[in-house]
Each structure stands twice: as structure tokens, then as C-alpha cells.
Amino acid sequence: MTINGALRGAGTGDRALGDPLNVLLWLVNQQSAEGRGLKSGEIVSTGTCTGLDPVLPGDRVQADFGELGTVEICFE
């Protein structure tokens, strides 16, 4: 992950309970236990493997997911 072009964090999916799918499974089980489940169209984030970094207005953050591509967001 970069913020304004500077490397700020790196990690792999195994930092999220061994695999991001394990996080999703935990969430599904928790929601099911509460009688809610997940609804079609909901977006699920399985957390961060890079840590948390503060951002300011004007910052540009880019995450590189290798073969899956990149995501970029600009904060106003």
C-alpha cells in the first residue's frame, strides 16, 4: 500500500486469521448466530494486512493486490 507514492505497508492474506476466507467464515457464523446472515449485494471487507495509516485531505492511497489488480482512492 502506498500513500502519495510512498510505501506505507505490506502484508499477505495469511495475516488475516491465516487466510482472508477464515475472516469471512467467522463473520458469516457470527451473523448467523445472531439470526441476521449476510444479504445479497452487501460488501464485506475482511480487514487489513498492512495496518492502519492516517490520511489527510488530498492524499492518494493505492493498494496493489498482485494478479487481482490495484485499487486507488483519493481523499478530498
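Reader: Where is the place of V44?

Author: In this predicted model, V44 sits in the loop that runs between α1 (20-33) and β3 (60-64).

Reader: Why is V44 called partly exposed?

Author: The relative accessible area of V44 is 33%, and because partly exposed covers what lies between under 20% for buried and over 50% for exposed, V44 is given that name.

Reader: Why is L52 called exposed?

Author: L52, which also belongs to the loop between α1 and β3, has a relative accessible area of 79%, and since exposed means over 50%, the word applies to L52.

Reader: How do you know that D53 forms a salt bridge with R8?

Author: The closest N and O atoms of D53 and R8 are 3.3 Å apart, and the cut-off for a salt bridge is within 4 Å, so the pair is counted as one. D53 is partly exposed at 26% relative accessible area, and R8 is partly exposed at 39%.

Reader: What makes the pair of R60 and E72 a salt bridge that links distant parts of the chain?

Author: The side chains of R60 and E72 meet at 3.4 Å, N to O, which is set against a limit of within 4 Å. This pair links distant parts of the chain, since R60 is in strand β3 and E72 in strand β4, 12 residues apart.

Reader: How many salt bridges does the structure hold?

Author: The structure holds three salt bridges, including the one between E42 and R36, whose closest N and O atoms are 2.6 Å apart.

Reader: Which residues lie nearest the centre of the largest pocket, and what kinds of residue make its lining?

Author: G47, C49, T50, A63 and F65 lie nearest the centre, among 25 lining residues. The lining divides into 13 nonpolar, 11 polar and one charged, and β3 gives the largest share of it, four residues. The space in this pocket is about 660 Å³.

Terms used:
Residues numbered from 1 in each chain as written. Predicted model: local features only at pLDDT ≥ 70, side-chain atom pairs only at ≥ 80, totals over all residues. Heavy atoms only, no water. Helix = DSSP H or I, 4+ residues; strand = E, 2+ residues; numbered from the N terminus. Buried < 20%, exposed > 50% of the residue type's maximum accessible area, 1.4 Å probe, protein only. 1 Å grid on protein atoms, 1.4 Å probe; cavity = no way out; pocket = protein on both sides within 12 Å on 5 of 7 lines; lining within 4 Å. Points joined across faces, edges and corners; volume = space filled by probe spheres on them. Nonpolar A, V, L, I, M, F, W, Y, C, P; charged D, E, K, R; others polar.
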